[in-house]
Amino acid sequence: MAKSRTNAPATSRDGAVEVGADLRAEEAKSRAIDTPGKIIRRRFLKHRMAVVSLIFFVLLVVTVFVWAFLLPADAATQVDIYNANSGPSRAHPMGTDQVGSDVLKRIILGGRVSLTVGLLAVTIAVTLGTIVGAVAGYYGGLIDNLLMRIADMMLSIPLLLLIVMLAAILGPSVRTIIIVIGLTSWMGISRIVRANFLSLKNKEFVEAARSIGVKDYKLIFRHILPNSTAPIIVAATLGLAEAVLLEAYVSFLGYGIQPPDPSWGNMVTSGGFLVTIQQAPWMMFFPGIMITLTVLTVNFIGDGLRDALDPFSRL
Amino acid sequence: MTVDGNTPAPQPGTDGVVSGDTLLDVRDLVMHFPLTKGIILQRKVGAVQAVDDISISIRKGETIGLVGESGCGKSTAGRAILQLYKPTAGQVLYEGRDLTKLGSNEMRRMRRHLQMIFQDPYASLNPRMTVGNIVGEPLQIHKIATNNKERSERVQELLKVVGLNPYFANRYPHEFSGGQRQRIGIARALAARPSFVVADEPVSALDVSIQAQVVNLLEELQDEFNLTYLFISHDLSVVRHIADRVAVMYLGKIVEIADRNSLYENPSHPYTKALLSAVPIPDPKVERKRERIILTGDVPSPINPPSGCRFHTRCPYVMDVCKERVPPLIKQKEGHEVACWLY
């Protein structure tokens, strides 16, 4: 059909390019080479605490795993009754425990267990929580009701009771602990993710994506999920701290890592009796410090990541 | 009922029977949103009758303006035509194929021909995606440019077409102004080379000076890519500038549809007259002499619309028949149809 326009459009397109060309070209020159990955890296590097924490955390993980690999298998359980309960010295930089085992070696070997448990359990919890929350929030209706009632059910069961029961069925081991903690701490994250999805799924950019023919799973994972990374990262870093502590409780109850095998959790527990705190404070102090440092650095890394991934940040 | 004035009405219900150059034929489209009550056992207690039985046939290459006040169902109509909402009833024939009957996979493939430009340039671009990814996504989905290099070349080309610097591809949407963002939205809509574009108030969120740029860009692109527009707007002067034919909606119904000049110079429906008289004229002499029709009352709720003609509660010329029977859309003269018992 022929167009019948009396007012010929004053050609603005080519004009617009020319008018702003100098300014834009100049602007573009400074940033044209930046890929999104580079921008994210640059922003992260500007977050000083996060960078320090990342370096520390990587060093910690590498040290723990490499050193643990070099130590003899029974390093943590060597009994030296004459040197029991001795304070930090040249031979034992972090002192010894009730049976004379070197606390430093126990921390290294226990660290391997605790970090593995913490990282893997959080990975399971975050993955599960994100998928459940995303599906519930995106589809809504019956699926949402069903999944959220399951989450409510899980939350209403006393956590330790559930863990004890699962550990009893599966038998105590590192793997059991990881699975049990992972399967019992996804509910909080799923609720956060669901709430985020509920508010995001009706945004115009989601509708725009649907209008160009994006499939459901891509809408969920490529369009909506990246917009809820901030709360997920925060929840994950807090979750790591919780997982390390939870491992301590479970080990204390006798369903986790069994002494004399060390984990930071059961080391704090075994050093936490009144008599030991008074007579050999290092037994609780050093593993406690390790847990604190791990949790703290992971939190800082999480902070830095959240800011770096936020396209609105002006860093 | 068809509103295409030149051809006899095609038989409803038969796919494939469309007039020569009709691109999109909307027949008796109904979009009701159910209102439910109860938490577990939801029962339907009513419906928001957002779009009630509209028919419109759109010819290749033309621009249809769809005007009406806020909440009259014009955006819903656009979305229901594109199957972003599942219509309650009716047919949408695109080149003879009924879109309402397509499966979700078929519809997804079909979407490359039918695109949309959104109202809010701030909400319609994903803040976590770069401009390159936003504009390149339709290319990827519809397998138009599958490898990265080819895609980024196409994206740069598209950005140039809409008047943006091609180097902007690595930037995020929030770094742009409203007008630039709307250009990005237009580039995305054009990426898959569609033939039909629904523009849902594409300029109402922009400054007046930018509005002109974007409207002119839309017109240029129409000529360049042979596009057909459904231009939804409440801004009558913008519609007058861009549209070939104009449909006026009131409370879910089309009350008048006519060629642009015919509608603006000789509006027939009392509602259209009231709408046009509300447009200010930038000449105080004319403005003072002009008769203003001021409607009283509010738009009735689409949950419980008035019987008969939906406009009868506010119409200055209301008659008894208006309260009882729904006026059909009748041809008043060539290219001018109106739904009013006055004619």
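## The crossing of helix 4 and helix 14 in chain A

Helix 4 of chain A and helix 14 of chain A cross in a right-handed manner, a crossing being right-handed if the near helix is turned clockwise from the far one by less than a right angle, and left-handed if anticlockwise. Helix 4 covers residues 103–139 and helix 14 covers residues 282–309; they pack at an angle of about 35 degrees, with axes 11 Å apart. Axes here are lines fitted to C-alpha atoms, for helices over the stretch in contact, and angles run from 0 to 180 degrees between N-to-C directions. Helices (H or I, at least four residues) and strands (E, at least two) are DSSP runs, numbered from the N terminus.

On helix 4 of chain A, the contact is formed by A:Val103, A:Ile107, A:Gly110 and A:Gly111, and on helix 14 of chain A by A:Trp282, A:Met283, A:Phe286, A:Pro287 and A:Met290. Two residues are in contact if their C-beta atoms, placed from the backbone, lie within 7 Å. By class, this contact of helix 4 with helix 14 in chain A has seven nonpolar, two polar and no charged residues. Ala, Val, Leu, Ile, Met, Phe, Trp, Tyr, Cys and Pro count as nonpolar, Asp, Glu, Lys and Arg as charged, and the others, Gly among them, as polar.

## Basis of the model

The structure is a predicted model, in which local features need pLDDT of at least 70 and side-chain atom pairs count only at pLDDT 80 or more, while totals for chains, interfaces and linings use all residues. Residues are numbered from 1 along each chain as its sequence is written, and chains are lettered from A and ligands numbered from 1 in the order in which they are written.

## Helix 4 and helix 5 in chain A

Helix 4 of chain A also passes helix 5 of chain A, in a left-handed crossing. Helix 5 spans residues 141–156, and the axes of helix 4 and helix 5 of chain A come within 7 Å and cross at roughly 145 degrees.

Helix 4 of chain A contributes A:Val132, A:Val135, A:Ala136, A:Gly137 and A:Tyr139 to this contact, and helix 5 of chain A contributes A:Gly141, A:Ile143, A:Asp144, A:Leu147, A:Met148 and A:Ala151. The residues of the contact between helix 4 and helix 5 of chain A comprise eight nonpolar, two polar and one charged.

## Overall make-up of chain A

Chain A has 14 helices and zero strands. Of its 315 residues, 37% count as buried; a residue is buried if 20 or more other C-beta atoms lie within 10 Å of its own, exposed if 12 or fewer, and partly exposed in between, with C-beta atoms placed from the backbone. Among contacts in chain A between residues at least 6 apart in sequence, 68% join residues at least 24 apart.

Helix 12 of chain A (residues 264–271) is mostly covered, with seven of its eight residues buried. These buried residues pack against helix 4, helix 11 (229–252), helix 13 (274–279) and helix 14 of chain A. In helix 3 of chain A, A:Ala50, A:Ser53, A:Val64 and A:Ala68 are buried. The 23 residues of helix 3 (residues 48–70) of chain A should span 33 Å at 1.5 Å a residue, and its end C-alpha atoms are 33 Å apart, which agrees.

## The largest nonpolar core

The largest nonpolar core has 155 residues, and those with the most contacts inside it are B:Phe231, B:Val248 and B:Ile254. Helix 4 of chain A gives the most to this core, with 17 residues. Such a core is a set of buried Ala, Val, Leu, Ile, Met, Phe, Trp, Tyr and Cys residues joined through C-beta atoms within 7 Å.

Not counting residues up to four places away in sequence, B:Phe231 touches B:Thr63, B:Ile64, B:Gly65, B:Leu66, B:Ala199, B:Val239, B:Ile242 and B:Ala243.

## Selected buried sites

A:Gly213 lies in the loop between helix 9 (204–211) and helix 10 (216–224) of chain A. A:Gly213 counts as buried because it has 21 C-beta neighbours inside 10 Å. Leaving aside residues up to four places away in sequence, A:Gly213 touches B:Arg108, B:Arg111, B:Arg112, B:Ile141 and B:His142.

In chain B, helix 1 (residues 74–81) is mostly covered, eight of its eight residues being buried. Helix 1 of chain B is followed by B:Gln83, whose phi is positive, near 65 degrees. B:Gln180 is found in helix 5 (residues 178–191) of chain B and counts as buried, with 22 C-beta neighbours inside 10 Å. B:Gln180 and B:Pro121 are 59 residues apart in sequence and 8.6 Å apart in space, C-alpha to C-alpha.

Notes. The expected span of a helix is 1.5 Å times one less than its number of residues.
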